[in-house]
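These are my notes from a first look through the model, entry by entry.

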Amino acid sequence: MDRRTIENQTDMSATGYYTYFVTFILLVAGLFIVVARGNLIKKLVGLGIFQTSVYLLYIGPAKLIGGTAPILATEWQVYSNPLPHVLILTAIVVGVATLALGLALVVRIREAYDSIEEEDILAADLHADQLAHAQVTATHPQQSNRGSA
Amino acid sequence: MMHHLPVLQVVVPLIAAPLALLLRQRRLVYALMLLVSGACLGISLALWSAVQDGSVISYAIGSWPPPWGIEYRIDALNAFVMVLVSATALLTVIFSLHSIEIELPGHMHYLFYTMFALCLSGLLGIAATGDAFNIFVFLEVSSLSTYVLIAMGQQRKALFAAYRYLIMGTIGATLIVIGIGMLYLLTGTLNLHDMATRLDTTQNTRPALMALAFISVGVFLKLALFPLHQWLPNAYAYAPSTVSVFLAATATKVAIYVLLRFYFTLFGQDSFTELPLRPLIILLALSGMFIASIIAIYQQDLKRLFAFSSVAQVGYILLGIGIGNASGLLSAVLHLFNHGIAKGAVFLLLGIVAYAMGSTQLSHLKGLGKTMPWASAGIVIAGLSLIGVPGTNGFISKWYLLLAAMEDGQWWLAFLIVSSSLLAIAYVWRFIEIAYLQAPDTGTHLIRRLPLTLVLPAAVMVLATLYFGIDTRFTVGAATTAVGVMLGAP
């Protein structure tokens with residue numbers, strides 16, 4: 001509303017980059033969880049943090065401290081940009097849909113593999129592959145010298 | 001009516017999705033989807049012929065004039081991509097009737113078509129829109145429905161493949177949003193065309209470069225450029241046959257279109273060739289061409305074999321983009337179309353093989369040349385196109401790629417392109433060896449008779465593979481106009 005807050009907003013010192021720092025710390029933290037954790041639910045949590053940090057990237061620069069919605073009235077001079085807010089509303093919906101679908105898949109994976117740990121699932125797949133391969137080589141011995149990669 | 005075609009293209013399949021959900025009756029939904037995908041093909045052909053003179057159709061959604069409202073902007077490039085997507089969609093829908101009958105439980109069929117309609121709508125939306133944020137939204141519409149479609153696969157591995165694709169795909173899409181956000185902060189607009197004019201005058205280029213980096217990595221994930229291809233082989237291999245066909249022919253191709261749009265419409269050819277991006281793209285494309293082809297040779301399952309081949313073929317397209325001259329781009333746009341058709345043909349035929357033999361494991365397909373002569377011949381023809389043998393459409397696009405490398409004075413690239421084709425011969429040979437040089441096991445027989453709905457789409461695709469290798473007026477003409485529009489735009 002008053003001049004001071006506007007100046008603060010456009011101040012490009014270290015404090016002016018505050019939202020960007022927070023955004024990128026969250027971004028990297030989220031991505032790290034996705035990569036480093038083997039638990040499928042935790043991976044989705046990391047993915048959620050990763051996506052949420054981007055909301056901040058859009059909202060941070062769009063929000064003016066003391067700014068209102070862009071309504072034409074004499075008593076307001078400072079407006080926040082509504083477009084990034086609307087975009088992020090869309091992105092939130094996409095994020096919720098992704099998370100819901102991801103969790104639904106984890107439920108199905110739990111039913112099929114009886115585990116939600118990536119290691120167990122990969123081991124189970126490998127075991128099944130080896131069984132199938134052993135069956136093939138037992139019934140077709142001439143095939144056994146084929147590449148087994 | 002004509003005026004509204006750009007938006008109808010996207011809205012028709014979008015409305016078909018809830019309709020399919022309400023109709024539920026299998027035959028009714030099938031008829032609806034035939035109608036919808038046929039309509040999409042008609043619309044995209046009409047749009048394509050309208051922009052062949054190099055003109056641009058601009059459609060303002062809700063009559064809000066761009067750059068304030070969302071604009072659908074059709075030019076020769078995206079019209080060409082939409083023809084590929086909707087033609088594949090029609091053939092896939094025809095094919096789906098009997099294919100999903102044996103692969104999916106009956107109560108899931110209408111849900112399958114709902115997701116398929118959403119996926120089609122998303123892919124066409126990505127192509128049609130001229131708004132950066134809209135690209136992200138449609139990208140997620142198509143991706144989310146794709147995850148569901150993949151998870152419908154028969155084996156439990158399909159579930160984990162879909163989960164993995166969901167993680168990778170979401171990371172890719174989020175990186176794209178970050179890039180778009182930075183461009184928006186820099187230019188104050190989301191309309192790609194408007195953004196392009198404003199970006200030129202900007203002195204402060206560092207945010208633009210960051211945006212370019214984020215968008216590049218995000219789209220590389222989506223189009224499965226080596227080494228970001230990890231999600232693709234399992235997703236293609238374990239998805240239902242019908243889904244593999246549609247994904248292999250369209251999904252990565254649309255992502256490549258997004259890349260072209262950002263690089264050449266937004267940043268322009270000049271800034272693209274000056275950036276250190278080109279050597280990186282060429283390096284990754286070459287690694288993909290060689291490493292993915294070598295991995296393909298060692299696969300036991302034909303679907304996985306040809307999925308790795310897809311990663312390699314994406315390398316050829318990206319190589320054309322990386323070379324960056326007019327012939328290179330022409331080869332990229334051509335190969336986008338030609339490879340879509342050839343790979344669509346391969347996966348349609350693999351769907352037929354899975355239907356008739358119950359498996360696509362190489363060990364089950366001994367003597368396929370005798371038991372299923374037509375399907376084997378089709379796979380060989382499409383395989384020849386993947387190698388780039390003259391007389392098939394793969395030759396045409398590889399020829400232009402060679403020309404581009406030579407025009408650029410990079411003879412060693414031309415040499416590498418030819419030698420990686422030798423690897424393609426090796427993986428196609430694995431099929432030929434098993435199908436033609438080995439006698440069928442005693443007791444091998446077709447477990448099902450092939451209905452016309454399976455044979456017709458595959459025959460059309462295989463014939464198209466041959467036809468576009470001989471008569472290149474449509475493909476080369478359309479691609480040339482597309483490249484002209486791409487390089488002429490500011």
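I looked up how helix 4 of chain B passes helix 5 of chain B, and the crossing is left-handed, meaning that the near helix is turned anticlockwise from the far one by less than a right angle. The model is predicted, with local features needing pLDDT of at least 70 and side-chain atom pairs pLDDT 80 or more, while totals for chains, interfaces and linings use all residues. Residues are numbered from 1 along each chain as its sequence is written, and chains are lettered from A in the order in which they are written.

I then noted that the axes of helix 4 (residues 109-128) and helix 5 (residues 132-151) of chain B come within 8 Å and cross at roughly 150 degrees. Helix 4 of chain B and helix 5 of chain B are therefore roughly antiparallel to each other, the term for angles over 145 degrees.

Next I turned to the strands of chain B, where strand 1 (residues 57-60) and strand 2 pair in the antiparallel sense over 4 bridges, pairing being called when DSSP finds at least two bridges.

Last, I checked where the chains meet: the contact takes 31 residues from chain A and 24 residues from chain B. On the side of chain A that touches chain B, helix 4 of chain A gives the most, with 14 residues.

Technical notes:
Contact = placed C-beta atoms within 7 Å. Helix = DSSP H or I, 4+ residues; strand = E, 2+ residues; numbered from the N terminus. Axes fitted to C-alpha atoms, helices over the stretch in contact; angles between N-to-C directions. Parallel < 35°, antiparallel > 145°, perpendicular 65-115°, else oblique.
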